[in-house]
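These are my notebook entries on one structure. I looked up helix packing, a pocket, salt bridges and backbone geometry, in that order.

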Amino acid sequence: MIRAILVDDEPKSREVLKTLLNKFCPQVEVCGMAGSVDEAKGVIADTDPSLIFLDVEMPGGNGFKLLDELENRKSEIIFVTSYGHYAIPALRYSAIDYLLKPVDARRLDVALQRARQRLSASRPAGGGGLTDQLERIARIVSRSEEHTSE
């Protein structure tokens, strides 16, 4: 199950996306919604989503500002916006995809396929993220080196 939040200042846009996800993407659980950058920070802290559907332009800040202000971001990002000219900056934030409104169900499905691939690569079977796995490997190598030097 992919835990996701929707961040968009337009309530109707949030509801349309939530409806699409519920109808066509049963593997996604919408665990929160926010209408501003400040509200999104709280929802992210409360829900720890693996995926954020993020609008760019919002009153009081934009989606890029939110990403800049998140410390140790673990969530993957799919931008959902009405503006095509933010696609290049979105790539700099390692966005999984960039969907233009109105969101097409087929494009949403492709974006979620990419999300599943990236999430499974960063959270291997057996638990933990990529960093956790690398730390476990480093401990194993260190123990192995200790045993060979004895």
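I took contact to mean heavy atoms within 4.5 Å. Helices (H or I, at least four residues) and strands (E, at least two) are DSSP runs, numbered from the N terminus.

I worked on a predicted model, in which local features need pLDDT of at least 70, side-chain atom pairs count only at pLDDT 80 or more, and totals for chains, interfaces and linings use all residues. Residues are numbered from 1 along each chain as its sequence is written, and side-chain values use heavy atoms, with hydrogens and water left out.

Entry 1, helix packing. I looked up which residues of α1 meet α5: Leu17, Leu20, Leu21 and Phe24 in α1 meet Ala105, Leu108 and Leu112 in α5. By class, this contact has seven nonpolar, no polar and no charged residues. Nonpolar here covers Ala, Val, Leu, Ile, Met, Phe, Trp, Tyr, Cys and Pro; Asp, Glu, Lys and Arg are charged, and the others, Gly among them, are polar. Helix α1 (residues 11-24) and helix α5 (residues 105-122) pack at about 70°, their axes 11 Å apart. Axes are lines fitted to C-alpha atoms, for helices over the stretch in contact, and angles run from 0 to 180 degrees between N-to-C directions. The two helices α1 and α5 are therefore roughly perpendicular, a label for 65 to 115 degrees (under 35 is roughly parallel, over 145 roughly antiparallel, the rest oblique).

I noted 15 lining residues, with Ser13, Leu17, Val80, Lys101 and Val103 nearest the centre. A pocket is an open set of points on a 1 Å grid over the protein atoms alone, where a 1.4 Å probe fits, with protein on both sides within 12 Å along at least five of seven lines; lining residues have an atom within 4 Å of a point. β1 (2-7), α1 and β3 (51-54) are the elements that give two or more residues to this lining. Of these, α1 gives the most, with four residues. The lining divides into nine nonpolar, one polar and five charged residues.

I found the side chains of Lys101 and Asp8 in a salt bridge (2.6 Å, N to O); the term requires a side-chain nitrogen of Lys or Arg within 4 Å of a carboxyl oxygen of Asp or Glu. Lys101 lies in the loop between β7 (97-100) and α5, and Asp8 in the loop between β1 and α1, 93 residues apart. Lys101 is also joined to Pro102 by a cis peptide bond, with omega about -5°.

I recorded a positive phi of about 50° for Asn72, which is not a glycine. Asn72 sits in the loop between α3 (63-69) and β6 (76-81).
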